[in-house]
Structures are given as C-alpha cells and as structure tokens.
Amino acid sequence: MSCDSKTFFTLFFQELKRRAIPYVILHSYQKLPEIGDSDIDYAVPKEALPKLRRIQVELAHQHGWALVQTIQHGVFAYYAVLINLENPTECLRLDACSSYARDRRFLVSEKILLHQCVPYRDFFIPAPASEFIYEVAKLFDPKFKSPAKYLPRLKELWQQDPQTAQKYFTALFGETGRTLEQWFASPPEEWNPLRDVMLARNKFGFSLLVRESFRVLKRTFQPTGFCVAVLGSDGAGKSTLLTRLQILLEPCFRYQRTLHFRPGVLQKKTTGAVSDPHAQPPRNAVLSWLKVFYYFADNWAGWFQIVVRGKIRSTLVIFDRCFADLLVDEKRYRLRGTAPLVRLLRWLLPGADRTFVLSAAAPVLHQRKPELSLAELERQHGVLLELTQQRRHILVRAEESPEQVAQAVCREVLRALADREARRG
C-alpha cells in the first residue's frame, strides 16, 4: 500500500534525522507538510549529498514510490523527483544543496545555511540570519525578481538577528556604503544594483570551474530528458493521451516539446492542419520515394538539433506519430509503394526511448472516425501489432477510458525513468 505525498515528505525528513544528517528546509515551509506544486528546497552537508539517492530509493521502494529523476543542476545541487507509482498525481520534488551557488557564483556556504538550525513543527528550518542571506542571494539570481515583493519578509528576518544578518550581508556584497537599516529605509528599486555587485564579487575560482565543467560533461553523456513516440490509427485517442501525459509527467522534466510526425527542421511548416488528409490523391512512385528520403533526412537532422539537445536540457520530447507511421497510414502522406523503403530506413534511424502503440478493434475505431473503411483499419491494426514486437515498443489498449490509457502510459514512462536511475546509481 502506497502513501500520499504528505506522508512521504514526513518519512523522508524523519529518515534524515534518524541517520543524523543535519538539514534545513530553506524557505516556504509555513504550510508544510502540505505539499503544493513547488519544489522543496533544503540544504544538507556536502558529504551527505551522495547519500541522498540511496536513501530516496530505499524509502520509495518501501512505500510504493519510485525515484524517477535526479538532475545535478549545480556543483552543489541535486534535484530529485519521486512519484507514487499507484497514483502518479502524487509526487515530491526535492531540491537539495549543500552550499548555495548560481550562475557560476558561490553565494552562501553550507556553514551559514546549516548554522544553528531551528526546530519547526516536525522538521528543521534555518536560523533567521541564515534564511535572510539565502533569500537575499535568491532575490538577485538570474530570474530578475522584483525586490518590492520580497523586502517585507527580508526585513522580518533581519529584525530577528540584525547583527548576524549584517555580517552575512557584508560578506556577500562587501561594503556598500549603507547599513541594512539604511537599505530597508531605501526604495525597493535602489536594491537592484546590488545584483551586479553580488555577481561580480562571487565568481567561481578555478577548482569550482573545473567541477562545473565535469558536471556539464556528465549531463551531456547522461542526459535527463526522455523521448516518447505515440502511434495509432485515427480515433485511437492520441491527442487526448498527449494532453493528459504532458500534465502527468510535468514534474519530471524542466521542459516539454511536442513534434507532429517529424522534427520539421529542413522546412518549417507554415500551412495549417489538413482537415481530411486521406482525401488527397497519392503521389507517383518516384515522388513518393523522394518524399520518404526527405522525411528520413529531416528525422536525422532533427534528432541532433532537437531531440539530443532537448534531452541534455532535461526535456520531455514527444512525437505525435513518427517515421513508422508511414507504414501504418501511407495514404495520409500521399505515398504509394514505399513500405519496403520505409522498413529499411527505419532501422537506420535512432528511435524514441519508448514508443506507445495505441490499438483498438477496427469496429471501435470506425465508430469514432468513420472516414477510413473497416478494411483499412484492419490493415493498420495488423501493422501496429507487428510494430509492438520490436524493442521499446509497447502496446496500449485504446478501448480503455482516456484516464486509464494515460495512467498506463505514464506508469510505463515512470518505470523506464526509474530503471534508468537505478542503472546510473
């Protein structure tokens, strides 16, 4: 029996306490353990960072969850996504750091973040001055936040320990010509130049630049993105599935991108969708073969330009139909006699990490989309079943409700991500 995200949150931080790993939840802790849509940002000592994955995997296994994603997005920072496999809407996003660094700047050390942590409910939060300097550093990160929104909370933290807050502020910004008391008496817009001061003062040294280079290199060879393709006859529910899948998998990736049949890098599509693609006459055999080679070249170019780059940037890349659809629905692409060529070229193309084949009985599809004959739908059904015999192709019964189909596909993706995490661990 699995647990909900609120319970899993409590179990995880209790486990850190049991193992005597110091930690603090850095901000936005007032409503915890109620879990919203945001990440849980927390700090631990640097020697504890490598231990977190194993703790998360063991705890997830015990409670029906899975660690599906780990992204090292900084020298001192690891983002982890854990999801309830029984109910994928239940997830926990844990963003751990030791010291706080952004944009190749070392901003707040772990010594400060973990100094004199404060018990709060059933977990720990930073001392007021530590949270103050962390929030100030975040205020001036590359997201260009408005100081006016954050100054009331910063002032509240400063007032609880003004002497230590001033010490940390001077270490981060140097002598600014004003005390914090004077800064808080200044208009919010006068705080903005502090961003340039902070970034200029705290650049990475040589050793941290080397570590950052190795981190980027590792992300290149172990990308955290994922590529999914969805195939199926008209009426199988591809569009509905993709909409639901994007929502369910949103916590696992930083970005999402949907490609319709092909990447489209050789020629950008400028026309609208064709309302009845099967009504147009097919090309002759020569033009059909040339068109297949064109699609083949576009897939190769797009693989490097879009898919590989996207996966390095932790993007979920979804193909709504893919090159194999030329076998399933030749008439849609106005082709004739191209099946032998398509079968050959398919083996020369890189494939998606998982291809989901939506299949339903021909009468069911004909009732949903009567444009195609029963005979044609039967033929497509046979081709789709043939495709499911290939590696990384998964049959999905499209007769189920849209919710059930989306949940089934989502679980398969999550299992694939969890398996990948286990191999990398």
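Let's start at arginine 19, which is partly exposed at 34% relative accessibility. In this predicted model, its side chain meets that of glutamate 58 in a salt bridge, with 3.0 Å from N to O. The two residues sit 39 residues apart and link distant parts of the chain: arginine 19 lies in the loop between helix H1 (5–18) and E1, while glutamate 58 belongs to helix H2 (residues 49–62). Glutamate 58 is partly exposed too, with a relative accessible area of 33%.

Strand E1 (residues 24–25) pairs with E2 in the antiparallel sense over 2 bridges, and valine 24 stands opposite alanine 43 in E2. Strand E2 (residues 40–43) sends Ile40 and Tyr42 one way and Asp41 and Ala43 the other, yet all are buried. E2 also pairs with strand E5 (residues 91–97), here in the parallel sense over 4 bridges, and isoleucine 40 stands opposite leucine 94 in E5.

Glutamate 250 is partly exposed at 41% relative accessibility, whereas arginine 93 is buried at 10%.

Further along, aspartate 353 forms a salt bridge with lysine 311, at 3.1 Å between the closest N and O atoms. Both partners fall under the 20% cut-off for buried: aspartate 353 is at 13% and lysine 311 at 14%. The whole structure holds 22 salt bridges.

Technical notes
Residues are numbered from 1 along each chain as its sequence is written. This is a predicted model: local features need pLDDT of at least 70, side-chain atom pairs count only at pLDDT 80 or more; totals for chains, interfaces and linings use all residues. Side-chain values use heavy atoms; hydrogens and water are left out. Buried means under 20% relative accessible area, exposed over 50%, partly exposed in between (1.4 Å probe, protein chains only). Two strands pair if DSSP finds at least two bridges between them. A salt bridge is a side-chain nitrogen of Lys or Arg within 4 Å of a carboxyl oxygen of Asp or Glu.
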